[in-house]
2 protein chains.
Amino acid sequence: MTAIAPMTTVIKTAAPRVTHALAADLVRAQLKRVEAALHAVPAIEPAGLRDAVEVILSSGGKRIRPTVALLVAGALGHPTPSEEAINIAAAVEMLHTATLVHDDLIDGSLMRRGAATLNAAWTPVATVLTGDFLFAYAAQLAAAANSMPAMKLFAETLGVIVAGELRQSFSGWTERGTREDYERRIYAKTASMFVLATTAMGHVCAAKSEQLAALRAYGHGFGMAFQIVDDILDFTGEQSSVGKPVGADLRRGLITLPTLRYARLNPADPDLACAMRGECDRATYDRLVDRIRHSPAIEEARRVAHDYAGDAIRALDALSDSPSRHALIALADEYIGRGH
Amino acid sequence: MTAIAPMTTVIKTAAPRVTHALAADLVRAQLKRVEAALHAVPAIEPAGLRDAVEVILSSGGKRIRPTVALLVAGALGHPTPSEEAINIAAAVEMLHTATLVHDDLIDGSLMRRGAATLNAAWTPVATVLTGDFLFAYAAQLAAAANSMPAMKLFAETLGVIVAGELRQSFSGWTERGTREDYERRIYAKTASMFVLATTAMGHVCAAKSEQLAALRAYGHGFGMAFQIVDDILDFTGEQSSVGKPVGADLRRGLITLPTLRYARLNPADPDLACAMRGECDRATYDRLVDRIRHSPAIEEARRVAHDYAGDAIRALDALSDSPSRHALIALADEYIGRGH
């Protein structure tokens with residue numbers, strides 16, 4: 001019998017998230033249907049946990065994953081998506097939400113999407129089981145899309161995400177300091193889910209194989225760019241706007257692209273040694289984070305994100321022209337501008 | 001970065017598990033294929049965790065769930081099951097294994113299937129992620145069965161299991177002391193997975209709707225009987241043979257049928273009050289467990305299990321006769337004899 005502490009703190013996030021106006025216009029009505037599907041999650045006991053799930057679902061950012069999925073449906077000739085298409089879009093967002101819940105247990109982070117995380121207010125048991133429950137509901141939504149290939153991709157993606165988290169939690173410091181490890185990590189954590197959003201929707205909309213290849217490439221490029229921009233913002237954002245200290249990733253031992261680029265440019269910086277092992281003192285982190293955020297490493301990382309977004313946009317050449325295709329391009333274009 | 005303690009202790013279980021000889025003969029070859037599917041779980045890092053997964057999979061009891069599933073395939077005219085049928089049988093066992101891993105985190109139990117549990121040797125993070133990874137692989141196996149209805153049932157069952165665990169972890173003591181709560185709990189924890197084993201296999205083998213109803217009823221009756229017998233054995237078994245102290249469930253606050261029957265027969269027993277709240281001292285538990293195991297409550301609980309097994313056996317009237325159908329009957333018959 002585990003006691004439950006009440007969840008009291010809900011802090012609004014002011015993170016500068018962008019959804020391109022064209023994209024927002026095109027999917028507004030469908031996103032409401034996705035929202036309804038998400039909130040149709042079966043009630044769980046105790047009531048306090050049910051409320052917490054509502055909080056998690058309601059503080060849900062810009063719904064960028066379902067937005068991309070819905071635009072894919074539009075670009076494939078389904079501007080008014082079927083129930084199946086709505087379900088797969090909701091499944092991806094629910095999968096994302098479930099991984100966030102378990103992530104909070106794993107990295108012990110105190111805030112997520114500006115709301116107090118489940119883990120900060122709840123016991124580990126409640127966190128594990130709530131995450132499991134949301135995984136189960138994500139799988140139900142994916143199954144309700146009635147596409148065996150989409151379902152297979154969903155299950156595979158879940159495996160990729162978890163394997164990535166295992167590597168991130170248990171890999172050695174040497175390995176963590178490599179670009180290869182970083183790319184593998186952000187693919188597993190972020191890009192794989194965008195590939196799922198685009199490709200599973202492709203399956204649901206009966207896309208042809210060359211369209212599926214294009215959707216996979218768009219999801220990959222957009223997802224990689226998306227995570228790199230996020231990692232840049234961790235350095236360039238202000239504490240007040242991102243809701244956590246500047247350089248929070250580095251401070252908890254997460255080596256991201258800005259640090260990797262900085263280390264290449266400044267191999268002799270004596271503060272790097274403890275940072276790569278995740279064991280500097282606070283003053284050292286303050287100093288190093290400040291040096292990284294004002295270094296050319298940031299611009300170099302932006303260029304990498306830009307290249308990935310370019311790959312994504314070029315892949316869309318394989319789709320015939322439509323407002324949704326334009327919106328997918330605009331989204332990739334504008335999203336990589338977030339870091340500036 | 002979480003440190004990993006090596007897993008050193010592997011203790012062999014001597015739990016008296018029975019698989020009827022006819023059943024064992026019929027599925028021996030197919031069980032090897034299921035075993036191969038289970039061990040085809042993708043490798044994870046670090047290597048230590050990969051080894052732990054191997055230990056969990058190799059100490060896997062009698063494979064009663066896939067045995068039932070394979071016999072269902074046989075009873076439906078597929079004594080040599082397709083790859084799809086093998087995959088759904090493996091999916092159920094993998095789902096069961098994944099829930100055991102998270103259960104170990106939840107109930108803090110130190111032994112499971114006689115092997116040191118993952119949680120005893122590993123950090124909570126490793127346990128959560130390893131469980132997640134096995135859930136993902138279970139979903140991949142289920143998807144590889146290529147049946148949308150089987151997949152939907154798989155996802156629903158996962159939801160039922162987790163919702164049951166949430167209730168078990170967070171329900172109040174008053175509610176826990178009821179027969180209704182007990183039956184709901186063992187349905188969620190055990191019978192739902194047998195329903196999945198029989199009914200999902202029915203879908204994969206294209207069973208007709210009255211066959212599906214019969215399979216569902218068999219899975220339900222067998223699963224309920226199975227768990228009740230397990231709960232009886234917790235009182236009647238010897239520590240050396242079940243690998244845990246007699247009355248272990250009661251000692252950790254789990255109220256099962258023998259205790260519920262005992263409480264009806266002996267409402268005035270003063271030791272029941274603290275037991276129902278899960279907070280007796282050791283001597284009181286020793287005394288109470290001894291009184292329960294020597295009371296008529298055990299025989300009454302056996303009768304309930306017997307009735308459920310009878311329901312299961314009667315349901316099979318709807319299937320045409322075959323060696324596999326006989327084995328399913330014999331299995332239910334013999335299994336409920338385990339408690340004696």
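Visitor: What counts as a helix or a strand here?
Guide: Helices (H or I, at least four residues) and strands (E, at least two) are DSSP runs, numbered from the N terminus. This is a predicted model, in which local features need pLDDT of at least 70 and side-chain atom pairs count only at pLDDT 80 or more, while totals for chains, interfaces and linings use all residues. Residues are numbered from 1 along each chain as its sequence is written, and chains are lettered from A and ligands numbered from 1 in the order in which they are written.

Visitor: OK, so which helix holds Leu70(B)?
Guide: Leu70(B) belongs to helix H3 of chain B, which covers residues 64-75.

Visitor: Is Leu70(B) buried or exposed?
Guide: Leu70(B) counts as buried, because it has 31 C-beta neighbours inside 10 Å (20 or more other C-beta atoms within 10 Å means buried, 12 or fewer exposed, in between partly exposed, with C-beta atoms placed from the backbone).

Visitor: And what does Leu70(B) touch?
Guide: Leaving out residues up to four places away in sequence, Leu70(B) touches Val27(B), Gln30(B), Leu31(B), Pro81(B) and Ala89(B), where contact means C-beta atoms, placed from the backbone, within 7 Å. Ile88(B) is 18 residues from Leu70(B) in sequence, and their C-alpha atoms are 9.4 Å apart in space.

Visitor: Switching topic, how do H10(B) and H17(B) pack?
Guide: Helix H10 (residues 209-236) and helix H17 (residues 323-335) of chain B pack at about 25°, with axes 10 Å apart, and they are therefore roughly parallel to each other (the cut-off is under 35 degrees; axes are lines fitted to C-alpha atoms over the stretch in contact, and angles run from 0 to 180 degrees between N-to-C directions).

Visitor: Which residues make that contact?
Guide: H10(B) brings Tyr218(B), Phe222(B), Ala225(B), Phe226(B) and Val229(B), and H17(B) brings Leu328(B), Ala332(B) and Tyr335(B). These divide into eight nonpolar, no polar and no charged residues (Ala, Val, Leu, Ile, Met, Phe, Trp, Tyr, Cys and Pro count as nonpolar, Asp, Glu, Lys and Arg as charged, the others, Gly among them, as polar).

Visitor: How many residues do chains A and B use to meet?
Guide: In chain A, 41 residues are in contact with 41 residues of chain B. Helices H4 (83-107), H6 (124-143) and H7 (148-170) of chain A each supply at least two residues of that side, and H7(A) gives the most, with 14 residues.

Visitor: How are the two chains related?
Guide: A rotation of 180° with 0.0 Å of shift along its axis superposes chain A on chain B, with an RMSD of 0.0 Å, and that is the relation of a two-fold axis (least squares on C-alpha atoms of residues with pLDDT of at least 70 in both copies). The copies meet through the same surface, because 100% of the interface residues of chain A are also interface residues in chain B.

Notes: Contact = placed C-beta atoms within 7 Å. Parallel < 35°, antiparallel > 145°, perpendicular 65-115°, else oblique.
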